[in-house]
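Work through the two exercises below with the sequence and the 3D structure open. Try each task before reading its solution.

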Amino acid sequence: MTQPLVDIPTSIPADGSLKVLWVPEIADPAVPQQAELTAPSVVDLSCYLTDTGWQPSVNEEVSTDPRLCSRQVFERIGRFTDSLELTYVYQGQAPNAVDNKAFATLRHRELGNIVTRWGADYELPIEDGDIVDVYPSECGVQQKLAPEANGRLRITQRIFIRGLVRRDAVVGGGS
């Protein structure tokens, strides 16, 4: 007996396929512009983040819909909360060193935007037509993590989402 032919979807390797940027200003987060995402003030956080240092999450609440005529309680989608936590390397005694740019940039209460591009080689520059997610952000407290044997000094930090997250926004507004 022969196996039926099955189309197996292509998968994208996760390693080296995510770019994470700190962008101080974006005029319209629904339509970020290439110039905004490549400006000199933008900090590429990708290589500062640990391999598990990008932790987005969504918490969806449940809106119940009970009916007098039913023994079952129905559910509807309720409000949701986007959350983000970063973990990145930290240089300790060199707060303003080039190798400490994430620590120097993501100061407590700093406002800006976290922008991510998924599924393209990290090394490729941001271009018009790229698909990105935009998280309007305020930086929480930088928490130094306990050192670990054979590890590196690290910081974990909550990023507070202060506006609508724009998922799959097209850079430059192209189609």
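A residue is called buried under 20% relative accessible area, exposed over 50%, and partly exposed in between (1.4 Å probe, protein chains only). The model is predicted: local features need pLDDT of at least 70, side-chain atom pairs count only at pLDDT 80 or more, and totals for chains, interfaces and linings use all residues. Residues are numbered from 1 along each chain as its sequence is written, and side-chain values use heavy atoms, with hydrogens and water left out.

**Exercise 1.** Describe the surroundings of Thr156.

Step 1. Locate the residue: Thr156 lies in strand β7, residues 154-161. Strands (E, at least two residues) are DSSP runs, numbered from the N terminus.

Step 2. Apply the burial cut-off: Thr156 has a relative accessible area of 14%, so Thr156 is buried.

Step 3. List the contacts, meaning heavy atoms within 4.5 Å. Beyond its neighbours within four places in sequence, Thr156 touches Glu85, Leu86, Thr87, Val141, Gln142, Gln143 and Leu145.

Step 4. Look for polar contacts (N or O atoms within 3.5 Å; within protein, one able to donate a hydrogen and the other to accept it; residues adjacent in sequence count only if both atoms are side-chain atoms). The Thr156 side chain meets that of Glu85 at 3.4 Å and the backbone oxygen of Leu86 at 3.3 Å.

**Exercise 2.** Which strands pair with β1?

Step 1. Strands pair if DSSP finds at least two bridges between them.

Step 2. Strand β5 (residues 111-118) is antiparallel to β1, with six bridges; here Val23 is opposite Asn113.

Step 3. Strand β2 (residues 43-44) is also antiparallel to β1, with two bridges; Trp22 has Val43 as its bridge partner.

Step 4. Check burial: in β1 (residues 18-23), five of the six residues are buried.

Key: Helices (H or I, at least four residues) and strands (E, at least two) are DSSP runs, numbered from the N terminus.
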